[in-house]
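Subject: Structure handover

Hello,

Here is the structure I promised to pass on. Please open it alongside this note, and my findings follow below.

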2 protein chains.
Amino acid sequence: MFNDLSKLFNPSSIAIVGASRTPGKIGHEILKNLINGGYRGRIYPVNPKANEILGLKCYPSISSIDNSIDVAVICIPATLVPSVVEECGRKGVKFAIIISSGFSETGNRELEDKVVKIARKYGVRIIGPNCAGIICSRSNLYATFEPIVKRGNVAFISQSGALGGAILYQLIDEDKGLDIFVSIGNRADLMETEIMEYLGKDPEVKAILIYIEGLREGEGRAFMKAAMKIVPKKPVIVLKAGTSKAGMRAVQSHTGSIAGSDLIYTYAFKQAGVIKVDSVTDALDALYTLSTQPIPSNGRVAIITNSGGPAVIAADHCEKLGLHVTPSSDNLKNKLSKILPPFASLGNPIDMTAQAGAEEYKKVLELVIESREYDIVIVICVPPFFIDALDIAKAICEVYSKYSFPIIPCFMAGSAVKKAVEYMSERSLINIPSPERASKSAFFLYKYGRLRVAARQAPNW
Amino acid sequence: MFNDLSKLFNPSSIAIVGASRTPGKIGHEILKNLINGGYRGRIYPVNPKANEILGLKCYPSISSIDNSIDVAVICIPATLVPSVVEECGRKGVKFAIIISSGFSETGNRELEDKVVKIARKYGVRIIGPNCAGIICSRSNLYATFEPIVKRGNVAFISQSGALGGAILYQLIDEDKGLDIFVSIGNRADLMETEIMEYLGKDPEVKAILIYIEGLREGEGRAFMKAAMKIVPKKPVIVLKAGTSKAGMRAVQSHTGSIAGSDLIYTYAFKQAGVIKVDSVTDALDALYTLSTQPIPSNGRVAIITNSGGPAVIAADHCEKLGLHVTPSSDNLKNKLSKILPPFASLGNPIDMTAQAGAEEYKKVLELVIESREYDIVIVICVPPFFIDALDIAKAICEVYSKYSFPIIPCFMAGSAVKKAVEYMSERSLINIPSPERASKSAFFLYKYGRLRVAARQAPNW
């Protein structure tokens, strides 16, 4: 099998088979997304009953298009899909993204097998069927009915279209970007392993998240082997569902795959250097922290704060996760004491107290980094109303751009720190809004550092 | 000690000692909050250098006010506080909320002791010093520089002012209400135990959250005894920080209290029936689920969904937490099959698939509740673009108002479900936006149900 997906993610031309004039219909929403997303290639709506949709000339069929087609997005009733895929094959279409449902997920495996057989005959690769489509923000490509997410440098492959969509909405709300999203639907042809392999070689993708319910027999080994090759270069995070009895039961009816013993997955992922998480929150915190931060080689965490409470919670969680919140040395304490008021806490957590402004944050952060006593810094800020959180954000960004050092900002107070959070986000410092999550993010950094070392030393690689 | 805090939370008159004309100053912000919050009693700004602030007549001193004063909010330099408290005593002020810092938290314990001694002489109760103030939304009382949170029926006592403030901002962002907030600061006089005892007897408070870093010697027993009396009536949730070595070190320097062995706290809280959590997220999910939902007597969870992925994650987390995601009986399956399409999953999770609309949600929810096979239902909704989430929310609320049954809504997709979430929130159905958190919330319901039974059977009560 070839593994060049460049034309899938950066096609010169796209056809939408089942394009519709009616807002609310899938074939309309996808076409609208393609146009609104700013896709620069040529778009060909296909609908025998229309002359023009959304200002674009409409074609009665794939074969009637007077140009070559890289990708066909198919959203027509399931029973019509085989003949369209046949047409795609004849036309030389490289990828068919089949949005249509009504295949193996409703018990109609026969129809699905038929489609795959036709596709294989012509070398057309299938994404789906029963999928939500794909995004490649780098190419302004939004071949999906899901919302338009801004440019980023992470990839997300999902076995569940709905979960994928829910996560995309969350990214928009949290002002996070994404490069690639692939909803693989029923996984009749193209699956996570091949896509991951391709993305592993793509230097613009900094981290990969995959939502997996189960892998079919024989797939597991290939997946682990592929992951093992990627981990030395970039992190692979797997949100694995179906780890419980009830979960496995649900997986079997949801995707038809066998979730498999959680122990086996846990062990295999560990061997492969994959970071396994079990919640959406952890998945996204790991993805965005690992794709933006330098990777530490050890797990000594400094906690800098202007408020005691959240720092205590962060310290608790760090220790519980096996990180070391080691006390500052006398030397460091001595230096800190020259900057901070006498009632500040110089140990670790370093509590600068509520008066701390941008200047204190900057100087303390620099002292901590230069001390070489720590590998990761969590910087907590709960701005009192007389302190400008944006100034503190600017100070942290200044230090971040000067040192290549892992910094996890934890600005709390929601809307009151919105501008500060956006400022940092534009400079690749992703805010983690609660102390427990900041600690977990520090843990992911530490963990990936260890996994990467192990992967680089592994004899197979 | 008397324990009637009614005049603290519903005072007839308040004086602000240190009221200021300058926006950004604490004495200005608190006065503004009192006015903007709609407090219905009389407000007396005290500032010898002003005639009028924010449209209110200003008084040169507490003693010059021509009326009795229930509560004095004090925000003047620490050294001036003793004489003002003395004046409060002479004037018959019942409660002094001391916002001013510069007491034991900066090493000046002597000054703090002096203030307490004067207060005791006159029977003035002190909140603070070094605190962020109090809220009682029921009385439109916002005697704090923290933001104005809407009316609710839960109470939150915090040993950390900053963490308290950060949480209040989060509540506003999440459109959640609150009845009472008390920042107890240095806890020189009034502490969590007494406040909790009072709130335990207040029928309008449905659940109590307390952020605790540590309790001083001798306080522990009184706290546990008080909690034990409240638990049969309403849940007490403690966010306990300082459970790790680093955390304990930080607590000692932050509040001067000894965090104490986590094991001892864990055991004592368990004995007292207190729900102990270790993160802000868990604290708020427990608080809002327990204050709104009926309490189940067992832990059989049904998961109803329109999307497989999140349901699998929810099932995994439920089982991990010891809840039972038991398969539906043949009888229930039979009834469900008459409503749902043939490819839906009738087991548990019950996956109605993406086509499910309000009607399916309503009917399935009713069948599940009436089956008596479950004690708690998690209702997941990831609305496809062709389904109106608000309609589904309405259907769920209809069932919720008809049956007294614990329902945890888990609507995912952020802004896309905002209206639905607001609609439910107005009807006391608090949305939990991720499957792992929905499962944890179900666990809190189950856990409190068990704790309450144990507490009611305890011989001491």
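At roughly what angle do the axes of helix α11 and helix α16 of chain A cross? The answer is roughly 40 degrees, and the axes of α11 (residues 308-320) and α16 (residues 435-457) come within 8 Å. Axes here are lines fitted to C-alpha atoms, for helices over the stretch in contact, with angles running from 0 to 180 degrees between N-to-C directions. The crossing of α11(A) and α16(A) is right-handed (the near helix is turned clockwise from the far one by less than a right angle). On the α11(A) side, the residues that meet α16(A) are Pro310(A), Ile313(A), Ala314(A), His317(A) and Cys318(A). Their partners in α16(A) are Pro435(A), Glu436(A), Ala438(A), Ser439(A), Lys440(A) and Ala442(A). By class, the residues of this contact are seven nonpolar, two polar and two charged. Ala, Val, Leu, Ile, Met, Phe, Trp, Tyr, Cys and Pro count as nonpolar, Asp, Glu, Lys and Arg as charged, and the others, Gly among them, as polar.

Before you go further, a word on conventions. This is a predicted model, in which local features need pLDDT of at least 70 and side-chain atom pairs count only at pLDDT 80 or more, while totals for chains, interfaces and linings use all residues. Residues are numbered from 1 along each chain as its sequence is written, and chains are lettered from A and ligands numbered from 1 in the order in which they are written.

Now the overall picture. Chain A has 16 helices and 18 strands (DSSP runs numbered from the N terminus: H or I of at least four residues, E of at least two). Along the principal axes, the C-alpha atoms of chain A fill a box of roughly 80 × 50 × 35 Å. Of the 461 residues, 59% count as buried; that is, 20 or more other C-beta atoms lie within 10 Å of their own, whereas exposed takes 12 or fewer and partly exposed lies in between, with C-beta atoms placed from the backbone.

Next, the pair of chains. A rotation of 180 degrees with 0.0 Å of shift along its axis superposes chain A on chain B, with an RMSD of 0.0 Å (by least squares on the C-alpha atoms of residues with pLDDT of at least 70 in both). That is the relation of a two-fold axis. Thr281(A) has the C-alpha of chain A nearest the axis, 5.6 Å from it. The contact takes 65 residues from chain A and 65 residues from chain B, where contact is between C-beta atoms, placed from the backbone, within 7 Å. On the chain A side, α11(A) gives the largest share, eleven residues.

Finally, some backbone details. Gly128(B) and Pro129(B) are joined by a cis peptide bond with omega about -5 degrees, and Pro129(B) sits in the loop between β7 and β8 of chain B. Another cis peptide bond joins Asn348(B) and Pro349(B), with omega about 0 degrees. Ser428(A), although not a glycine, has a positive phi of about 65 degrees and lies in the loop between α15 and α16 of chain A. Ser428(A) counts as partly exposed, with 15 C-beta neighbours inside 10 Å.

Best wishes

Methods: Contact = placed C-beta atoms within 7 Å.
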